[in-house]
Amino acid sequence: MARELASTPPGWDYAATLTEAQARIIGAESASGRFGSQVKLLVATKAWDAAAAVAVVRAGASIVGESRLQELEEKAPALRAAGAKIHVIGQVQRNKAQIAVRHADCVQTVDSLALAERLSRLCLEAERDLDVMIQVNVSGEDTKAGVAPAEALDLASAVQGLPCLTVTGFMTIGLNSDDELAVRLGYARLRQIRDEALIRSERGELPLREAWELSMGMSNDLEWAVAEGATIVRVGTSVMGRRDA
Ligand SMILES: *Cc1c(COP(=O)(O)O)cnc(C)c1O
């Protein structure tokens, strides 16, 4: 059954919530000695209808993240017309990969070679290139998607070898906890993987990239993620509001 999508609550001001989120990011950057707005804001628009997603883009969001491919299919034409970059941030089931290939600029959630091969094949047919990120399960919780940290770099190398795909970085969903140390340990793990990727690319084992993206941090912990080196934070609730508000 299709889920019902929520519409913008009366009086909700996306420009204001975007400004607040940007201010948090800039505050976290300067608190950790990072300057120059290196961190991008992705707005997670899952469960919000196309009009709400378009409204947040018009208010200034340049990247939106969709978690459910069925929803992406509904909203993509409107999002595209509004000029947003679209990232897939939820699990891609085999039979939904085609939706991602049709509409996404980046699939952040590649966690197996089988999924990457399927995306690659579909991209080849569609004659398009696709950015992908390797999703890593840094917390080791078995409810979370993602490849084990020790396998992330080998997967990145294998995926990079496939036609039409470009690995742009690593993504993780952090530990859902208010234990700062535990959450940051996970984010630091993703950063170590990125640092190892830099070494491998200098050795010629991975293509040279000026920077690998680190997609980590959400509404409730983006400061910790920025402190650990995030280059993309994925913010839903803080910008879009609570669905049941
Ligand atoms: C929904 C979602 C987010 C945003 O979460 P909030 O807590 O609402 O900011 C980030 N990442 C992923 C993968 C999500 O599904």
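Good morning. By class, the shell around the ligand holds five nonpolar, four polar and two charged residues, where Ala, Val, Leu, Ile, Met, Phe, Trp, Tyr, Cys and Pro count as nonpolar, Asp, Glu, Lys and Arg as charged, and the others, Gly among them, as polar. This is a predicted model, in which local features need pLDDT of at least 70, side-chain atom pairs count only at pLDDT 80 or more, and totals for chains, interfaces and linings use all residues. Residues are numbered from 1 along each chain as its sequence is written, and side-chain values use heavy atoms, with hydrogens and water left out.

Which residues surround the ligand? They are Ala44, Lys46, Ser67, Ile89, Ile173, Met218, Ser219, Arg234, Val235, Gly236 and Thr237, each with a heavy atom within 4 Å of the ligand.

I turn to the polar contacts, meaning pairs of N or O atoms within 3.5 Å. A polar side-chain atom of Thr237 is 2.5 Å from a ligand oxygen. For Lys46, the distance from a side-chain N or O atom to an oxygen of the ligand is 2.7 Å, and for Ser67 it is 3.2 Å. The ligand taken alone exposes 390 Å², of which the protein buries 83%, by the Shrake-Rupley method with a 1.4 Å probe.

The largest pocket has a volume of about 730 Å³. Its lining comprises 33 residues, with Ala44, Lys46, Ser67, Ile89 and Met218 nearest its centre. By class, that lining divides into twelve nonpolar, 14 polar and seven charged residues.

Finally, the second largest pocket has a volume of about 190 Å³. Its lining has four nonpolar, two polar and six charged residues, including Lys40, Asp105 and Glu213.

Key
Polar contact = N/O pair within 3.5 Å; in protein donor to acceptor, adjacent residues only side chain to side chain. 1 Å grid on protein atoms, 1.4 Å probe; cavity = no way out; pocket = protein on both sides within 12 Å on 5 of 7 lines; lining within 4 Å. Points joined across faces, edges and corners; volume = space filled by probe spheres on them.
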